[in-house]
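Here are my notes on this one, written as numbered points. Have the picture open while you read, and find each residue as it comes up.

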Amino acid sequence: MTSDLASCLWHQTCQENPAFPELTGEAQADLVVIGGGYTGCAAALKAAELGASVRLIEADAIGCGGSGRNVGLANAGLWLPPEDINAALGPETGSRLSELLAGAPAMVFSLIEKHAIQCEPERSGTLHCAHAPGGLKDLQRRHAQLRAIGAPVELLPREEAIQRTGSEAVHGALFDPRAGTIQPLAYVRGLARAAASAGAQLHSGTPATGISRSGSGWQVATPKGSLRARHLIMATNAYARGITGYDAPQVIPVHYFQAATDPLPAPLLDKILPGKEGCWDTALVMSSWRLDQAGRLVIGGMGALNHFGSTLHRSWLPRKMAALYPDLKETELKSHWHGRIAMTTEHLPKILDLHGGFACFGYSGRGIGPGTLFGTAMAEALLSGGQSRLPVPPAQDHAIPFAGLRSAYYETGATLTHLISDR
């Protein structure tokens with residue numbers, strides 16, 4: 001585990017702790033997966049279930065990237081509402097993607113049940129909360145579009161939203177009963193355990209140092225070994241490292257930080273999220289909050305904790321919590337951590353065709369359901385030979401102009417928002 005994760009709540013409470021050895025020597029497989037997050041572990045599990053020989057390598061520990069730093073909201077769909085997805089992908093492809101992602105939470109919770117993953121699953125839905133009266137317009141638009149494609153979402157008036165959240169700071173909410181919350185690190189480690197049980201061989205502490213084509217397959221070099229495989233899946237998303245022979249696709253790195261309270265006393269838990277829904281809001285600089293199984297309030301917002309604005313982020317978070325729940329004004333926040341999100345220009349996930357392999361990235365903050373779906377689908381597509389199984393058509397290349405400047409824009413926006421709130 002990398003040292004910056006020592007204060008991450010999920011690493012402190014994770015009940016899934018499988019151990020995987022470093023790769024040493026030469027090995028051969030039908031499929032090599034690079035990256036031990038949701039996408040990579042879901043791909044390894046599906047490929048092993050299909051009877052393929054699989055090797056997954058992870059540079060650090062399973063779930064050390066975004067999968068182990070996630071908020072833990074298993075949502076249906078993407079940040080974009082259906083009509084925006086259709087505008088970007090076309091109505092046929094967009095509608096199919098929305099339909100597949102509508103079933104992503106069911107896929108996640110089915111895997112949790114099937115493999116007895118100890119990840120605190122709570123399928124009580126999520127609440128997209130209006131942070132101000134103007135936020136209701138966005139929720140109304142989303143509600144209309146989601147209902148038009150058959151999603152069982154409900155638009156809650158302010159009074160009911162207050163009752164559901166226990167906070168008078170919300171002005172209405174969009175309730176999605178398909179969704180829920182999980183312990184995100186335990187989920188990805190549970191997927192890894194299930195993949196190993198199905199026959200996949202996983203290796204932590206094993207970065208890929210070089211990639212090359214070898215005849216009709218791939219050659220992957222690591223510090224103490226090498227792999228040969230017919231197929232390759234690159235599943236590093238926001239945590240890509242430099243690899244000789246491979247140019248990682250560009251993304252806009254956006255950071256998100258979180259902290260948690262100690263378990264709250266029962267009288268407060270009777271009022272705060274009594275239905276245990278996970279929440280996020282409509283603010284331009286978004287916030288999220290939820291309870292874990294022990295009754296801790298986990299709250300977060302955009303920004304990095306290793307950035308010049310980290311002091312502002314840390315001081316803003318308890319004020320945000322007190323604004324939502326005045327009874328928590330004197331409650332201490334602990335276990336601060338942050339993670340990196342890979343965004344694309346369109347806020348849509350991408351698959352690149354590597355000709356005998358795929359690279360997948362760009363979940364834009366929605367990693368749990370889409371990562372599970374895309375990883376599973378890529379394994380099926382490679383082993384069956386049919387790209388029709390993919391959620392989106394693969395692209396040949398991908399670039400984002402001024403990705404670094406765009407990342408700085410998001411971080412600066414979060415810092416300024418938190419600075420203004422100090423006044």
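Predicted model: local features only at pLDDT ≥ 70, side-chain atom pairs only at ≥ 80, totals over all residues.

1. Start with G135, which touches A130 and T282 once residues up to four places away in sequence are left out (touching, or contact, means heavy atoms within 4.5 Å). G135 sits in helix α6, residues 135–148. With 5% relative accessibility it counts as buried, where buried means under 20% relative accessible area, exposed over 50%, and partly exposed in between, using a 1.4 Å probe and protein chains only.

2. Residues are numbered from 1 along each chain as its sequence is written, and side-chain values use heavy atoms, leaving out hydrogens and water.

3. The term means a side-chain nitrogen of Lys or Arg within 4 Å of a carboxyl oxygen of Asp or Glu. R142 is buried, at 16% relative accessible area.

4. The structure has 16 salt bridges. One of them joins E22 and K224 (3.5 Å, N to O). That pair links distant parts of the chain, 202 residues apart: E22 is in the loop between α1 and β1, K224 in the loop between β10 and β11. E22 is partly exposed at 31%, and K224 is exposed at 51%.

5. Now which charged side chain is nearest to R189, given that R189 is buried yet has no salt bridge? It's D60, the nearest side chain of opposite charge, at 7.8 Å (Lys and Arg count as positive, Asp and Glu as negative; His and chain ends aren't counted). R189 belongs to helix α8, residues 184–197, and its contacts beyond four places in sequence include H11, E16 and I62.

6. Zooming out, the protein has 12 helices and 18 strands (DSSP runs numbered from the N terminus: helices are H or I, at least four residues; strands are E, at least two). Buried residues make up 57% of the 423. Of the contacts between residues at least 6 apart in sequence, 76% join residues at least 24 apart.
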